[in-house]
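Q: I have a structure open and want to go through it piece by piece. Can we start with the ligand and then move on to the rest?

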Amino acid sequence: MTTPLDEQQSVLEIQGQTPLRGEVNISGAKNSALVLMAGAILCSEDCRLRNLPLLVDIERMTQILAAIGVKLNRKGDVIDINAQDIGQDQAPYELVSQLRASFFVIGPLLARLGMTRVPLPGGCAIGARPVDLHVRGLQAMGADVRIEHGVVHACVRGSRKRLQGAKIYLDYPSVGATETIMMAATLAEGETIIENAAQEPEIADLANFCRSMGAKIKGAGTNKIIISGVERLHSTDYCVIPDRIEAGTLLIAGAITQSEISLSPVFPEHLASVIAKLREMGPQVIMEGPDRLRLVPAPVRATDIKTLPFPGFPTDMQAQFMALLTLSEGSSMVTETVFENRLRHVAELQRMGADIRVKGNIALVKGVPFLSGAPVMATDLRASAALVLAGLAAQGTTLVQGLHHLDRGYDNLEGKLRKLGANIRRISVVDEPEYSALS
Ligand code: EPU
């Protein structure tokens, strides 16, 4: 796998307005796979995870787990994980700071060992992203938690060092906090109830994974999750759900290039709000089978979008829809409510001719007849996908820089688009001197 440094010296060159056609395969879900890998710490026997996407973030999680004593063996999209010998080693900050999901290890480590230290991951490009809700949940379950020198020290009170079940109301249905508390609760003594829990499909996937190891969890996927703690979990072999955000991104690739494409495997119910919005805008999304969707293009109408926790419209699809709205008929209002700094792609879309004005967390998008290719810079993962999508539809050549963002979360996006017929290639600015000014 290439390193992030390599990718800072690469660009994607896209010749726009090439129609797409055919079928595309959807990889396993990044945001499930990352938390499931951490969840494997809950068990001291062998855990096998299948359908793992090939991503830099997954590679980083592998390194973080290895640093705390977990044994991992990956072959293709299958990884074997054994956390029998985990110790008190702290995950190195250099790795943790590059991957927020690394904080997921805190719940399983605390549940298994009774005490742990995890560096705070810090803010990121889309917002400050505090972990106060994770911490409050663990405290309610009997952990003393303090932060010293950027490291979270957590220790279970009492001589038995076992977390206690608790009733926890989340002020906000945070995905990460729900996952942290759910994992910790699987091995706690007694019953834990999480109210106002996140309902994202990745939560249900984590619950199913934990259940496959013998955990007792009810209600995952609703706003009230009940976990009855067990003494220990056992070995499992589990398949990660398809990535709903990758699927949504590829649906937009069809819509923005006015192309008919099919996607599988997907779980359409995970994409309900995305499919509803696309239909409202004109394109048809046809269920071709239980795990297969076909996008039939149509002229795109403007619409308003507001990001919300699941089952609302996902923040992880906001940037990609904005790329589509730039070419729609009419004016749209896009409101980002989940993260405070997730409109940085606007400036780059403007460089391609988009008509967008930003007021606070709202972007007003007025459709234009065409975008024109330009060198653009990805500012975060989903922004990078939005720029690729805009490049597919734009007149002329688009050069997308900042590919380390894209490679964090999309498994070979350009390969999949190329297979559909897109004129897209990754080039090293070192090899191609005409692009060296971009590096
Ligand atoms: N929040 C708090 N305190 C907390 C936790 C969260 O204030 O203790 C706030 C956050 O700052 C944010 C909001 O609550 O403003 C939502 O955060 P949440 O915890 O729900 O998100 P997350 O667990 O940090 C996951 C995904 C994100 C995705 C969000 C929302 C992973 C690894 N990440 O983040 O994925 O956007 O849920 O669905 O699961 C991405 O894939 O591009 C991505 C950013």
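Q: By class, how many nonpolar, polar and charged residues does the shell around the ligand have?
A: This is a predicted model, so read what follows as a description of that model. The shell around the ligand has 10 nonpolar, 5 polar and 6 charged residues.

Q: And which residues are the closest to the ligand?
A: Of the 21 residues that surround the ligand, the closest are Asp132, Leu133, Ser174, Asp316 and Val338.

Q: Which helix gives the largest share of that shell?
A: Helix α6 does, with 3 residues. At least two shell residues each come from α2 (30-39), α6 (132-140), α7 (175-186) and α13 (381-393).

Q: Where does the ligand lie relative to domain 1 and domain 2?
A: The ligand lies between them, because both domains give residues to the shell around it. Domain 1 covers 4-27 + 242-438, and domain 2 covers 30-239.

Q: What is 2.7 Å from an oxygen atom of the ligand?
A: There are two cases to name. A polar backbone atom of Leu133 is 2.7 Å from a ligand oxygen. An N or O atom in the side chain of Arg382 is also 2.7 Å from an oxygen atom of the ligand.

Q: What about Arg129, how many Å is its side chain from a ligand oxygen?
A: An N or O atom in the side chain of Arg129 is 2.9 Å from an oxygen atom of the ligand. As for cover, the ligand taken alone exposes 830 Å², and the protein buries 88% of that.

Q: New topic. How many disulfides does the structure hold?
A: The structure holds 0 disulfides. Take Cys47: the nearest cysteine sulfur belongs to Cys43 and is 4.0 Å away, and Cys47 is in no disulfide. The cut-off for a disulfide is a pair of cysteine sulfur atoms within 2.5 Å.

Q: Remind me, what is a disulfide in general?
A: A covalent bond between the sulfur atoms of two cysteines.

Q: Is Cys47 buried or exposed?
A: Cys47 is buried, with a relative accessible area of 1%.

Q: OK, on to the prolines. Which peptide bond to Pro265 is cis?
A: The one from Ser264 to Pro265, with omega near -10°. Pro265 is placed in the loop between β14 and α10 (272-281).

Q: What about the bond from Phe310 to Pro311?
A: That peptide bond is cis too, with omega near 10°. Pro311 is in the loop between β17 (305-306) and α11 (318-325).

Q: What is the phi of Lys161, positive or negative?
A: Lys161 has a positive phi of about 55°, although it is not a glycine. The residue lies in the loop between β8 (151-156) and β9 (167-169). Lys161 is partly exposed, with a relative accessible area of 34%.

Q: And Asn412, what is its phi?
A: Asn412 has a positive phi of about 55° and is not a glycine either. Asn412 sits in the loop between α14 (403-409) and α15 (413-419), and it counts as partly exposed at 44% relative accessibility.

Q: Which residue in helix α11 could we look at?
A: One of them is Gln320, which is in helix α11. Gln320 counts as buried, at 0% relative accessibility. The C-alpha atoms of Gln320 and Ile245 are separated by 9.8 Å, and the two residues are 75 residues apart along the chain.

Q: Last one. How many residues separate Arg50 and Val240 in sequence, and how many Å in space?
A: Arg50 and Val240 are 190 residues apart in sequence and 6.1 Å apart in space, C-alpha to C-alpha. Arg50 is in strand β3, residues 46-50. Arg50 is partly exposed, with a relative accessible area of 32%.

Methods: Residues numbered from 1 in each chain as written. Predicted model: local features only at pLDDT ≥ 70, side-chain atom pairs only at ≥ 80, totals over all residues. Heavy atoms only, no water. Near = heavy atom within 4 Å. Polar contact = N/O pair within 3.5 Å; in protein donor to acceptor, adjacent residues only side chain to side chain. Areas by Shrake-Rupley, 256 points an atom, 1.4 Å probe, with all protein chains shown as cover. Helix = DSSP H or I, 4+ residues; strand = E, 2+ residues; numbered from the N terminus. Nonpolar A, V, L, I, M, F, W, Y, C, P; charged D, E, K, R; others polar. Domains from an automatic or database assignment. Buried < 20%, exposed > 50% of the residue type's maximum accessible area, 1.4 Å probe, protein only.
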